[in-house]
Amino acid sequence: MNLNEIIVNSIQSVNQDLKIDALQNPTDETQLFSLLDSLGTLDLILELESRLQEITGRYIAVANEDSMDKDATPFKNIKTLRIYLQQRIENE
Amino acid sequence: MSKATFQDIAITAMVTTVGENIIKLEDEKERFGFDDDSLARIQKSIGLKTRYIASLGVCASDLCVQSANTIFDNTDIKKEDIGALIFVTQSPDYKAPSTAIVMQDRLALPNSCMAFDINLGCSGFIYGLFTAFSYVNSGINKILLCVGDVNDYFAGEKDRIFTPLMGDAGSAIVIEKTPSPKSFFSLYSNGGGYKHLIIPSGGARNRTTTKSILPKQQTDGGIRSDENMFMDGKEVFNFAIKTVPPLIKEILQDAGILAKNIDYFVLHQANPYILKTIASRLKVAKEKVPLETGKIYGNQNSASIPGTINGFLSDAFQNKKLTLCIAGFGIGLSWGAAVLQTDNIYAPQTQLYKRRDRV
């Protein structure tokens, strides 16, 4: 499973509860941060951490000090999130 | 810069009283309009299980008076030796006078005891403790510090964003002159973030009107009035993650102590993920960072640090000499930390509120 699939599957899992139309079939440009509230963003962080641990066998902390910073967040869209997670996996 | 060092001043007693009604999150499905999915989501992401809520009409001062009386009934600390009573709360009995002054009479403390309130939330224990240490340092022998809130005073009754997180608690802490190693404090504020946690109306800036007290559906999904507490969850998360790790690194550096030599990091119990993230950032063993308080008791505001000590670390505090790092962060925005030692203090298990101490 590639990183993009992990992200999309995580978003769709979180969205089972949230039921946000724009998150049903998210694309690279889907604006995650503006669509998710703080709890939704936290849900997505936990979902990503759980799936990444299943696949890599190690805990990778997904939150960083910019997670909920509206200007600097890596959760801006799927593309920014993918780049961020790639770096996180390589550096952890 | 608000940094201070004190010598031969220490906490000698700490008691926390919580609301007497234990409410499970699932019992509040109807109140907050949660369906099974949203309930499961909150339990998973925030870990909420129960919260302890005081009955309607019980004030934060009632919880604190019970805590203080427990200290006076079970230790050698004498009421006549208390030189100051400081009450940190956002839910005072009255808009005026200071609740602390009313509590001076209820507790039968001497008239020579000065008393005043401090209006702060989650950073309030650190601010209150710093104030108490400062007064002892200036010559007052013993201080009674009370901290706590009852949330129905400011939390929207049906606000599913804020209210389900909160628990009612009131702690009493005695600080006194006694042989003790140095303690270190560091305090900060940033009023630029005042809108991230705020009760917008009901003060002198925005007066109470017929509109300000009406609950209404808000864009974040919560139902609350302008006289209820608003929390911007993303901003508060952002603030905590950015502010607390450097704050703790700084206070450890000031104290000249390594993280591995701290017995417990008792942090304001905002939410477990924030605490886990902070612990991971500081590379601190997770067993040194208790994080269960919010799950069991709810967010206890200014009482959450003593609430964690009495709720989960009572044995250790009553039977050991401990080196602590404590940190509070929240409304204002305001934040602070301290490194200090406790030595076999009186710190019994958290107790439930009993009606006898009410006015």
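Trainee: Which residues of α2(B) are buried?

Mentor: Keep in mind that this is a predicted model. The buried ones in α2(B) are B:Ser38, B:Leu39, B:Arg41, B:Ile42, B:Ser45 and B:Ile46. Viewed down the helix axis, these buried residues fall within an arc of 160 degrees, so they line one face of α2(B).

Trainee: What covers the buried residues of α2(B)?

Mentor: Look at both chains. The cover includes α1 (3-18) and α3 (38-56) from chain A, along with α1 (29-32), α7 and α8 (293-297) from chain B.

Trainee: And the ends of that helix? What caps the N-terminal end of α2(B)?

Mentor: That's B:Asp35, which has a side-chain oxygen 3.2 Å from the backbone nitrogen of B:Asp37. Just after α2(B), find B:Gly47, with a positive phi of about 80 degrees.

Trainee: Let's move to the interface. How much area do chain B and chain A bury between them?

Mentor: Here's the general idea: interface size is often given as the accessible area lost when the parts come together. In this case chain B and chain A bury about 1,900 Å² between them, and 55% of that is on carbon and sulfur atoms. On the chain B side, B:Arg41, B:Lys234 and B:Tyr273 lose the most area to chain A, together 39% of what that side buries.

Trainee: How many residues are in contact?

Mentor: 17 residues of chain B touch 28 residues of chain A.

Trainee: How many salt bridges and polar contacts are there between chain B and chain A?

Mentor: You'll find seven salt bridges, and 11 residue pairs in polar contact, where both residues have pLDDT 80 or more. On the chain B side, the elements giving two or more residues are α2 (36-46), α6 (233-255) and α7 (272-282). The biggest giver is α6(B), with seven residues. Sorted by class, that side has five nonpolar, five polar and seven charged residues.

Trainee: Is A:Asn64 buried or exposed?

Mentor: Compare its relative accessible area with the cut-off: buried means under 20%. A:Asn64 has 14%, so it is buried. You can find A:Asn64 in the loop between α3 and α4 (78-91) of chain A.

Trainee: What does A:Asn64 touch?

Mentor: Leaving out residues up to four places away in sequence, A:Asn64 touches A:Pro74, A:Tyr84, A:Arg88, B:Ile241 and B:Arg281.

Notes: Residues are numbered from 1 along each chain as its sequence is written. Chains are lettered from A and ligands numbered from 1 in the order in which they are written. This is a predicted model: local features need pLDDT of at least 70, side-chain atom pairs count only at pLDDT 80 or more; totals for chains, interfaces and linings use all residues. Side-chain values use heavy atoms; hydrogens and water are left out. Contact means heavy atoms within 4.5 Å. Buried area is the accessible area (1.4 Å probe) that two parts lose on being put together, summed over both. A salt bridge is a side-chain nitrogen of Lys or Arg within 4 Å of a carboxyl oxygen of Asp or Glu. A polar contact is a pair of N or O atoms within 3.5 Å; within protein, one must be able to donate a hydrogen and the other to accept it, and residues adjacent in sequence count only if both atoms are side-chain atoms. Helices (H or I, at least four residues) and strands (E, at least two) are DSSP runs, numbered from the N terminus. Ala, Val, Leu, Ile, Met, Phe, Trp, Tyr, Cys and Pro count as nonpolar, Asp, Glu, Lys and Arg as charged, and the others, Gly among them, as polar. Buried means under 20% relative accessible area, exposed over 50%, partly exposed in between (1.4 Å probe, protein chains only). The arc is that of the directions from the helix axis to the C-beta atoms.
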